Amino acid sequence: MGNPKAFLTIRRKEAGYRPINDRIHDFGEVEQTLNSNDRRLQASRCMDCGVPFCHWACPLGNKPPEWNEALYRGDWELAYRLLVATNPFPEFTGRICPALCEKACVLNLMDHEPTTNREDEAAIAEHAFNEDFVRVETPVRNGKRVAVIGAGPAGLAAANDLNHAGCSVTVYEQHEAAGGLLRYGIPNFKLNKAVIDRRMAFLEKEGITFSYGEAIDLNALPEGYDAYVVATGTPQARDLDIPGRDLKGVYLALEMLSQQNRVLAGIEFKRDQLVNAKGKDVLVIGGGDTGSDCIGTAHRQGAKSVTQIEIMPKPVEGPEDPKNPWPNWPRTLKTTSSHEEGCTRRWNINTLEFLGKDGRLTGVRVQPIDWKPNPEGGRPIMIEAGKPEVIKADMVLLAMGFLKPQLPQLPAHVFVAGDAASGASLVVRALASGRQTAAKVCSYLHL
């Protein structure tokens, strides 16, 4: 521990966001950074606990006490080496991870001011790139060839580990560029795509081959490989099959998010193909992170108003969740940077019908509901709690999650990683799954 009393004398300090009136006019990253001195002081708050719950909570098994101490002492390169020993892409998680480690931090129990692990991680990663601590490593080849299907977080993590193990790795990706959800689902204001391109340049220099525009049939895998990793994610979004679904103006969330990211990348769309919120009353159905991303994107496109509804009850307000005590993840109300930019939020709302005129959406009929315990156990029973009403809207974005894919029976030398195996989850869990799957492949190949 660098400074055993720092947690008593130094308060938690976050970098915060750019001013709202500034950030809603562009797609630049909203999060700011602390100067190096303040960042080191924040790292000094880590207590190097005897039982490091942060390490336990992180799917990757990151070791914040070790790299926080190195950061505090000013050894940025050591901090980076310790960080990438468990996390292959800290520049991604340092921006978008919900920081499970921070909710498990002992300081979170004491005063709800955990160590700023996520921001520290991002700072270490950026410093490493700026100071050329990130170097190309050329592995000695072992003669084994592995194909990775899907260039999302899980696929990239698996490819990275297999490449470093000496395998010749080819990654097949159906889209025009790598990143998966990182590139096509997460807005630029949370993760600038130049960050992905920067890492991809290193992966390519280290010998990984990427083949884009390749939609692989899992029943007809490309020949010539000793093993395969299927990391195709959860491409099927959960839809809402109610009257009026075919009206113009009702979209799946990723139809908007992926198109906006492509527009920012320079890809052009015809006017009648654009999914744009300019001047519209927007209704987002779904209260998770994807819904939040839709809100922020709608603001930047010039929406007239934004409303978000969620079928589940409003989470508990405040830092503690009695039903999920420390060090478990507290299911508390989350207010994102997008929510701060302006949004009407409602809970316990069921969507009944999309209303329209001349084939175009004009509103959504909804109804307040409540939930009662199911006497047979399982999911609670939904009951009516108010009269139906109409929410004015000429754009609806469905952000209700994704369906776990149904994969065919696969042979023994084919391994499944990430969301394709578990269903939709966090990027940090996808990275962990990719690494675990790479280890299984190595064991199978006797490496």
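## Second largest cavity

In this predicted model, the second largest cavity has a volume of about 90 Å³. Its lining comprises 14 residues, and those nearest the centre are Cys46, Cys49, Cys54, Cys105 and Val106.

Two helices, H4 (53-57) and H9 (106-111), each contribute at least two residues to the lining of this second largest cavity. By class, that lining consists of eleven nonpolar, two polar and one charged residues.

## Largest cavity

The structure contains four cavities of 30 Å³ or more. The largest cavity has a volume of about 110 Å³. It is lined by 16 residues, of which Cys58, Asn62, Cys97, Cys101 and Glu121 are the closest to its centre.

At least two lining residues of the largest cavity come from each of helix H5 (64-72), helix H8 (100-104) and helix H10 (117-130). The lining of the largest cavity divides into eleven nonpolar, three polar and two charged residues.

## Packing of helices H11 and H18

Two packed helices are described by the angle between their axes and the distance between the axes. For helix H11 (residues 153-164) and helix H18 (residues 427-444), the axes come within 7 Å and cross at roughly 40°. The crossing of H11 with H18 is right-handed.

On the H11 side, the contact is formed by Pro153, Ala154, Ala157, Ala158, Asp161 and Leu162. These residues meet Val427, Ala430, Leu431, Gly434, Arg435, Ala438, Val441 and Cys442 of H18. The residues of the contact between H11 and H18 comprise eleven nonpolar, one polar and two charged.

How values were computed
Residues numbered from 1 in each chain as written. Predicted model: local features only at pLDDT ≥ 70, side-chain atom pairs only at ≥ 80, totals over all residues. Heavy atoms only, no water. Axes fitted to C-alpha atoms, helices over the stretch in contact; angles between N-to-C directions. Helix = DSSP H or I, 4+ residues; strand = E, 2+ residues; numbered from the N terminus. Left-handed = near helix turned anticlockwise from the far one by under 90°. Contact = heavy atoms within 4.5 Å. Nonpolar A, V, L, I, M, F, W, Y, C, P; charged D, E, K, R; others polar. 1 Å grid on protein atoms, 1.4 Å probe; cavity = no way out; pocket = protein on both sides within 12 Å on 5 of 7 lines; lining within 4 Å. Points joined across faces, edges and corners; volume = space filled by probe spheres on them.
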